[in-house]
Amino acid sequence: QLQLVESGGGLVQPGGSLRLSCAASGFTLNYYAIGWFRQAPGKGREGVSCITPGGRSTNDEDSVKGRFTISRDNAKNTVYLQMNSLKPEDTAVYYCAARANYGCARDSAEYDYWGRGTQVTVSS
């Protein structure tokens, strides 16, 4: 059973931090690009950050640059999203997704596997 499971979300005050985890089971993440996406209330799903199989990271959303950091630990088959200096505008359901055989993509439709999401709420 191929699964991605997000964890680490919750309720935080502005300026706080969270670290989200994306754990894979049933397959190895070694050759997958892993993207983090989010969907805020009333908005579509948008790309936040992505990391390639080789460990190169990109931030798809300018508003998170300098605040969010993506990383991967292949030994643990897990990808992380460290979120610092959180703002109310970061409130959303956060999803991780895996894309096989290619690098990162901005189009969420190009990813093969998705987690069910974890809620991040930043109070004002």
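Select Y32 to begin: at 14% relative accessibility, this tyrosine counts as buried, since the cut-off for buried is under 20%. Keep in mind throughout that the model is predicted.

**Stop 1: the partner of Y32**

The ring centres of Y32 and Y113 lie 6.1 Å apart. Their planes meet at 55 degrees, so the pair is tilted. Edge-to-face would need an angle over 60 degrees. Colour the two strands next. Y32 belongs to strand 4 (residues 32-39) and Y113 to strand 10 (residues 113-114). The pair therefore ties together parts that are 81 residues apart in sequence. Y113 has 26% relative accessibility, so Y113 counts as partly exposed.

**Stop 2: Y95 and W114**

Step along to W114 and select Y95 with it. Here the ring centres are 6.4 Å apart, and the planes stand at 75 degrees, so this pair is edge-to-face. Y95 sits in strand 9 (residues 92-100) and W114 in strand 10. The two are 19 residues apart, and the pair links distant parts of the chain. Check the surface view. Y95 is buried, with a relative accessible area of 12%. W114 is partly exposed, at 27%.

In total, the structure holds 7 aromatic pairs.

**Stop 3: arginines over rings**

Stay on Y95 and show R45. R45 lies over the face of Y95, at 3.9 Å from the ring centre. Then move to Y80 and show R19. R19 lies over the face of Y80, at 4.2 Å from the ring centre.

**Stop 4: S21**

Which strand holds S21? S21 is found in strand 3, residues 18-25. Its relative accessibility is 16%, so S21 counts as buried. Show its contacts, leaving aside neighbours within four places in sequence.

**Last stop: the whole chain**

Zoom out and switch to cartoon. How many helices and strands does the protein chain have? The count is 0 helices and 11 strands. The C-alpha trace spans about 40 × 25 × 25 Å along its principal axes. A compact globule of 124 residues would have a radius of gyration near 14 Å; the protein chain has 13 Å, which agrees. Of the 124 residues, 43% count as buried.

Finish with contacts and surface. Among contacts between residues at least 6 apart in sequence, 57% join residues at least 24 apart. The accessible surface comes to about 6,400 Å², and 44% of that belongs to carbon and sulfur atoms.

How values were computed:
Residues numbered from 1 in each chain as written. Predicted model: local features only at pLDDT ≥ 70, side-chain atom pairs only at ≥ 80, totals over all residues. Heavy atoms only, no water. Helix = DSSP H or I, 4+ residues; strand = E, 2+ residues; numbered from the N terminus. Buried < 20%, exposed > 50% of the residue type's maximum accessible area, 1.4 Å probe, protein only. Contact = heavy atoms within 4.5 Å. Phe/Tyr/Trp six-rings, centres within 6.5 Å; stacked < 30°, edge-to-face > 60°. Lys NZ or Arg CZ within 6 Å of the ring centre and 35° of its normal. Rg over C-alpha atoms; globule rule 2.2 N^0.38 Å. Areas by Shrake-Rupley, 256 points an atom, 1.4 Å probe, with all protein chains shown as cover.
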